[in-house]
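Dear colleague,

Please find below the structure that I am handing over to you. My notes on it follow.

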Amino acid sequence: MISEPDQLGAMRYVLFDVDGTLIDAVDNQRLVWRTWAERYGLDPDEVYRVALRTRPMETFTQVAPGRDPRECLAALHELEDEDVRSGTYAAFDGASELLNALQPGAWALVTSNYEHRVRGRFARTGLPVPKVVVDAAAVAEGKPSPVPYLQAAAQLGAQPEDCLVIEDAPSGVQSGLRAGMTVWGVNTPAAVEGVHRHFGSLREAVDDILAFTSGPRPHRSKGGATVE
């Protein structure tokens, strides 16, 4: 593991991934992809296995090479929008307490999804939405590129070294690390490679995240990382 960037500024910021970090959407995503696969006469389990490791357009190329990828994407978006309207969603334990405790303007959402779906899910779960939401439509390069997290920091007026990224997925962790930010992992049984700290659940991380925003952190020598 690598060392955390030095934190020198008085104002510090938290940048959150959404699905798998704040919102538990695994069952919803599985159902959406199953419905999509059945519509095209494909094996739902195989389609979902591919979808877990690739972006949608890449998924279509692999599982439905004879289909128009734009048509496939439109069908997927239709199903995802319907799921936001009618699906069952839950926020991870600690999410509401954490987000409501953060100072306005000190946090943002950075998601590979689209903002209207994020707002729909947050409305369904009672979570507050920050002023800054960087979604798939806002950037030319998605995670694991550093662009999404760098854009969120810029919109907040923050320096990368003053930002804490909260993630659950390898691509998001790499995105935050490449942006030069501190990255903590949550909601996974084992630490994702590269994270500076690991928490088995978001609930376990709440106090530490709030402490991060409260003031300068004591200097830590390079090469050290805490795994909890």
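**Helix packing**

Helix α1 passes helix α2 in a right-handed crossing, meaning that the near helix is turned clockwise from the far one by less than a right angle. Helices (H or I, at least four residues) and strands (E, at least two) are DSSP runs, numbered from the N terminus. The model is predicted: local features need pLDDT of at least 70 and side-chain atom pairs pLDDT 80 or more, while totals for chains, interfaces and linings use all residues. Residues are numbered from 1 along each chain as its sequence is written, and side-chain values use heavy atoms, without hydrogens and water.

The axes (lines fitted to C-alpha atoms over the stretch in contact, with angles from 0 to 180 degrees between N-to-C directions) of α1 (residues 26-39) and α2 (residues 44-53) come within 9 Å and cross at roughly 125 degrees. Contact (heavy atoms within 4.5 Å) involves, among others, W33 and R34 of α1 and D45 and Y48 of α2.

D45 in α2 and R34 in α1 are 11 residues apart. Their side chains form a salt bridge at 3.1 Å, N to O; the term requires a side-chain nitrogen of Lys or Arg within 4 Å of a carboxyl oxygen of Asp or Glu. The whole structure has 15 salt bridges.

**The sheet**

An open sheet of 6 parallel strands has the order β5-β4-β1-β6-β7-β8, where pairing takes at least two DSSP bridges between two strands. Strands β5 (132-134) and β8 (197-198) are at the edges, each with a single partner strand, so one side of each lacks a neighbour in the sheet. Strands β6 (residues 163-167) and β7 (residues 182-185) are joined by 4 bridges, and V165 has V183 in β7 as its bridge partner.

With kind regards
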